[in-house]
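Keep the structure in view as you read.

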Amino acid sequence: MKVVKFGGSSLANGPQLEKVLNIMLADTDRKVLVVSAPGKRFKEDIKVTDLLKTYAQLTIVGEDTTDIQTQILQRYRDIVTYFELEENEILSSLSDQLAQLSRVHYPSFDYLYAAFMGHGEYLNAQLVAYVLRELGHPAQFVSPHDLGLTVSGSPMAARVNEDSYDRIAIFNLPSEGLIVVPGFLAYTTDGLMATFSRGGSDITGAILARGFHADMYENFTDVSAIYAVDPHIIKSPAAIETMTYREMRELAYAGFAVFHDEAIIPVIEADIPINVKNTNEPDAPGTMIVPVDQVSNPAKVTGIASDDRFAALYLHRYLLNKEVGFTLRILQILARHGVSYEHMPSGIDDMTIIFDKTQLTQPIQDAICAEIQAEIAPDHLEWIDDFAIIMVVGEGMQNRVGAFSEIATPLSEAGITLPMINQGASQISLMLGVKASQVNDAVRVIYDAVF
C-alpha cells in the first residue's frame with residue numbers, strides 16, 4: 001500500500017489535477033491521497049493559502065471580505081469547470097464553509113490564522129474527492145479528525161501526538177477506491193484546527209505513511225529527481241537515484257529545498273522508503289530515499305548543499321581551554337536572550353559560535369556581544385555576518401582516507417578560504433564555513449572536483 005502526497009503546483013488547476021488523478025488511478029496500491037492547497041498557476045499568481053491569509057487579516061480588522069472570498073472560491077470553481085461537472089452541490093458547500101470561517105470565535109489570532117490557512121487543503125481535499133466520484137471512481141474525503149490525527153503545541157507549528165499513529169492504524173481503508181486527506185492541518189484534542197509549520201503537507205503524508213504502515217511513501221513535486229546540487233548554481237546537475245535518510249536530513253539542514261528536514265521523521269522512524277517523483281513526468285524513476293542498510297554501494301559524495309542564513313561570532317582568548325565553565329557561561333548568556341546556536345567549533349584559544357540569523361535581531365546581537373565582552377573579557381571578539389555553510393554529504397565518505405583533501409585542495413587553488421571545518425558526528429558529512437559572497441563559487445569548485 002502506498003501513501004501519496006501532491007504539492008500545490010501539482011494541484012494548481014484542472015489540467016494539473018487531471019495528471020494527479022491519472023497517476024493515482026494507474027496504481028491500485030495508491031490508496032491514500034494527501035493533497036495540498038492549489039498553488040501558483042503561473043509565476044505572478046497567488047497561492048490559495050496566501051489568499052486565505054489575506055482573508056484572515058481582513059476578518060481581524062473587520063473589513064469587507066466579499067471580494068477575497070470570491071477570489072478563493074473561483075480557484076475551486078475553475079477546477080469544477082475544467083472537468084465539466086455540476087457546480088451546485090460542491091461549490092455551494094465550499095462557499096458556505098468559507099463564509100463560516102469569519103463567523104467563528106477563536107481562542108487567539110494564531111488559532112484564527114491556522115483555521116483560515118488550513119482550509120486551502122481542507123476544501124481542496126473535498127473537491128478532489130468529489131471530482132473522482134463524479135468521474136466514476138470510488139473516493140472518500142477523510143478529515144484528519146476522522147483519522148484521529150491530533151496535535152499539540154503551537155496552533156501554527158503543531159506537533160503530532162504519538163497516540164495518533166495507533167488510531168490511524170485501525171482506520172478501515174476502503175477495499176476499492178481511495179481516500180483523500182487534506183495535508184497541513186490537524187486538530188487539537190479540544191477539536192480546534194491547527195497547522196504544521198514548514199513542509200506541512202509533507203508532514204501529513206509522512207504521518208499517514210507511518211500510521212497506515214505503508215510499503216511506500218510517494219511524494220510528487222515538480223522535479224523529476226533530487227539533484228546533487230542546486231540547479232540554480234550548477235546547470236543540469238547529476239540526479240540522485242538513491243540516498244539514505246540521514247543523507248537527506250544532512251542536506252535538508254543546509255538548504256536542500258525538496259523536504260524540510262523534520263518533515264520525513266515519521267517515515268524514518270518506521271523505515272518506510274520514500275520515492276520523490278514528478279507529477280509532470282510520472283514514469284521517471286525519481287529519487288529513492290531509504291534506510292542505510294538498503295544501499296549496497298554508497299556514493300563517495302551524494303550531494304552538496306549550501307545556505308547563507310547563518311552568522312558567526314568569533315572570539316579569541318589565551319588558554320580558554322583551561323578555564324572550567326567557560327563554555328557554560330557563554331551558553332547562559334545565549335539562554336538569557338532565548339537564542340540557540342547551531343555549531344560551536346573550538347580550539348585551545350579560539351571559539352566560533354554559529355547562529356541561524358533568522359532568530360536574531362540587531363538589538364539581541366548587540367546585547368549578546370556586550371555581555372560576552374563584559375563577562376568573558378575575550379582578547380578579540382568579532383561578529384561575522386558574511387557567513388555561509390556548505391554541507392558535502394555521502395555515505396561513502398565514512399572512514400574514507402583523503403576525502404577532505406579532495407575537497408579542500410581545489411578550494412585552496414581557487415583562492416577560497418575555509419574559516420570553519422567540521423566533520424559531522426555521523427562521519428558522512430563535511431561542514432565547511434565560507435564567506436557568503438564566495439559560497440556559490442565554492443559549491444561549483446567542489447562539484448567539479450567530486451562529480
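A residue is called buried when its relative accessible area is under 20%, and exposed when that area is over 50%. By that cut-off, 52% of the 451 residues in the chain are buried. The model is predicted.

Start with the whole chain. The C-alpha atoms fill a box of roughly 75 × 55 × 40 Å along the principal axes. How does the radius of gyration fit with a compact globule? For 451 residues, such a globule would have a value near 22 Å; the chain has 24 Å, which agrees. Within the chain there are 14 helices and 19 strands.

Now the surface. The chain exposes about 20000 Å². Carbon and sulfur atoms supply 49% of that area.

Next, the interior. In soluble globular proteins, nonpolar side chains tend to be buried together. Here, the largest nonpolar core has 75 residues. Which of them have the most contacts inside this core? They are Leu 208, Ile 304, Ile 390, Val 392 and Ile 446. The core draws at least three residues from domain 1 (2-222) and at least three from domain 2 (309-384).

Look closely at Val 392. Leaving out residues up to four places away in sequence, Val 392 touches Val 301, Gly 303, Met 397, Ile 407, Ile 428, Ser 429, Leu 430, Leu 432 and Ile 446. Ile 446 is also among the residues with the most contacts inside the core.

Notes: Residues are numbered from 1 along each chain as its sequence is written. This is a predicted model: local features need pLDDT of at least 70, side-chain atom pairs count only at pLDDT 80 or more; totals for chains, interfaces and linings use all residues. Side-chain values use heavy atoms; hydrogens and water are left out. A nonpolar core is a set of buried Ala, Val, Leu, Ile, Met, Phe, Trp, Tyr and Cys residues joined through side-chain atoms within 4.5 Å. Buried means under 20% relative accessible area, exposed over 50%, partly exposed in between (1.4 Å probe, protein chains only). Domain bounds come from an automatic or database domain assignment. Contact means heavy atoms within 4.5 Å. Helices (H or I, at least four residues) and strands (E, at least two) are DSSP runs, numbered from the N terminus. The radius of gyration is taken over C-alpha atoms; the globule rule is 2.2 Å times the number of residues to the power 0.38. Accessible areas come from the Shrake-Rupley method with a 1.4 Å probe; for residues, only the protein chains shown count as cover.
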